[in-house]
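I am opening a notebook on a structure that is new to me. My plan is to look up a few places in turn and write down what I find at each.

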Amino acid sequence: MNVDSIRDGIVIDHITAGCGRKLYHLLGLENVDAPVALLTNVASAKLGRKDIIKVDADISVDFNVIGYVDPGATVNIIRNSELVEKKRIDMPETLVNVIACKNPRCITSCEQELDQVFRLSNRAKKEYRCLYCETKAAVL
Amino acid sequence: MRSVIDVPDLSLEELSGLMDTAEDIIAHPGDYSERCHGKKLATLFFEPSTRTRLSFEAAMYELGGNVLSVTGAGTSSAAKGESVADTAKTVSCYADIIAMRHPKEGAALVAARNASVPVINAGDGGHCHPTQTLADLLTIRRKKGKLDHLTVGLCGDLKFGRTVHSLISAMSRYEGLRFVLISPEELKVPSYVKDESLKRKNIPYTQTTDLEQVIGDLDILYMTRVQRERFFNEEDYLRLKDSYILTPEKMRKARPDLCVMHPLPRVNEISVAVDDDPRACYFKQVLNGKYMRMALILMLLKEAGRL
């Protein structure tokens, strides 16, 4: 299967197999008016199987979303068909408006203009908690 | 602007300082009777609470200050759909300090982030109630002379009881503590509370369903009410509400220097016959709450440059 190289854009590589689709949706890539490729279960020497996302447009991507969904994924920035930067994304300390608190007693459940803020509470367990009510984020 | 949303917002030194101030207020009330002259406390209570609101208001009056009071969401601008943020900004124009209770968890934090005066969380749903914990700490320190090297029993609703979670979190900062967690299976301390406050700090604890079996080991027995409003389901409430009742018979097995505490109001979980036992400290706890609120109001107004 061939997917064309991109000229100006990003490649999110080394995504854990099965996480690509979640990442695609959380990054809102379905709304991008440019070529976007989501490749799943691609053979990988390092991971066995991996997912890859290619966006052929110079768009702004929230790296915190990538770090939250799949810390360890890499982001390659492409300009004029050249790799100009390679980033390894770590888990962010804070997530803003990426996920929503599911606690019906949380203030965010009735005041919907509030930012949805989650803080990393346990790095080893990849656990985030709502800033307001400290409810644990639902597992992705 | 410094606010207090939860007990960990206060360092151990600040907690100790607040307790010292409270003790000084108890010893020399006259020295404090005009400290807040001309200052206003706004008590915004969007959820029913008699004792906490009265305690805050009594605290401010005893400091010589005044009180602006809002009780019940139905009588306030919240009924018109005003956000907590807007309420906090508005009330900041009238008051020097705000004490807020709200049924939604995290509401006090939203208020604190938007107010231009200090905000004290007077309870945000089932989340935090820091001034209750301040009352608890002062009660233990006054009764035991220390906050370390104690065996603390917590009994009743340990799942939804925010006072219990706050007390565990606050006490876990002191040395040599041991916890005995007494509850029905359905109302055990949530694992995240145990993980964060006990396991992470290697604090020993045991869990049991039998109060009588362990009461003789305890320095502190903290009783809690099984609260109707914390249940989604009335049947669960009715089934569990009478699980643990402290009676004079059970007290006979307890140490002579046990300190029995309760955040109140009680329903029937402590028999009225226990009230005359010198080990019953729950009404002293109420009084201590007022003194700690006085100390906290003083501290926050001073830090805000309003005293």
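**Entry 1: a histidine in chain B.** Before looking at side chains I noted what a polar contact is here: a pair of N or O atoms within 3.5 Å, where, within protein, one must be able to donate a hydrogen and the other to accept it. I also kept in mind that this is a predicted model. With that in hand I went to His262(B), which sits in the loop that runs between β9 (259-261) and α11 (282-303) of chain B. Its side chain and that of Glu269(B) are joined by a polar contact of 2.6 Å. When I set aside residues up to four places away in sequence, I found that His262(B) touches Met223(B), Thr224(B), Arg225(B), Glu269(B), Ile270(B), Tyr282(B) and Gln285(B).

**Entry 2: two cysteines.** Next I looked for disulfides, and the count over all chains comes to 0.

**Entry 3: where chain B meets chain A.** I turned to the interface and noted that 22 residues of chain B are in contact with 19 residues of chain A. The area buried between the two chains is about 1500 Å², and carbon and sulfur atoms give 48% of it. How many salt bridges are there between chain B and chain A? The count is 2 salt bridges, and one that I looked up joins the side chains of Lys125(A) and Asp195(B), at 3.2 Å from N to O. I also recorded 9 residue pairs in polar contact between the chains, both residues at pLDDT 80 or more. On the side of chain B that touches chain A, α3 (84-92), α4 (107-114) and α7 (191-199) of chain B each supply at least two residues. The largest share of that side, 4 residues, comes from α4(B). Sorted by class, the side of chain B that touches chain A has 9 nonpolar, 4 polar and 9 charged residues.

**Entry 4: the helix α4(B) itself.** I stayed with α4(B) and found it mostly covered, with 6 of its 8 residues buried. Those buried in α4(B) are Ala107(B), Ala108(B), Leu109(B), Val110(B), Ala111(B) and Ala112(B). The buried residues of α4(B) pack against α3, β3 (97-102) and β4 (119-124) of chain B.

**Entry 5: two places in chain A.** In chain A I looked up Asp58(A), which lies in the loop between β3 (48-55) and α2 (63-69) of that chain. Asp58(A) is exposed, with a relative accessible area of 57%. Apart from its neighbours within four places in sequence, Asp58(A) is in contact with Asp8(A), Gly9(A) and Arg79(A), and a polar contact of 3.1 Å joins the side chains of Asp58(A) and Arg79(A). My last stop was Ala138(A), in the segment after β8 (127-130) of chain A, where a relative accessibility of 48% makes Ala138(A) count as partly exposed.

Notes: Residues are numbered from 1 along each chain as its sequence is written. Chains are lettered from A and ligands numbered from 1 in the order in which they are written. This is a predicted model: local features need pLDDT of at least 70, side-chain atom pairs count only at pLDDT 80 or more; totals for chains, interfaces and linings use all residues. Side-chain values use heavy atoms; hydrogens and water are left out. A disulfide is a pair of cysteine sulfur atoms within 2.5 Å. Contact means heavy atoms within 4.5 Å. Buried area is the accessible area (1.4 Å probe) that two parts lose on being put together, summed over both. A salt bridge is a side-chain nitrogen of Lys or Arg within 4 Å of a carboxyl oxygen of Asp or Glu. Ala, Val, Leu, Ile, Met, Phe, Trp, Tyr, Cys and Pro count as nonpolar, Asp, Glu, Lys and Arg as charged, and the others, Gly among them, as polar. Buried means under 20% relative accessible area, exposed over 50%, partly exposed in between (1.4 Å probe, protein chains only).
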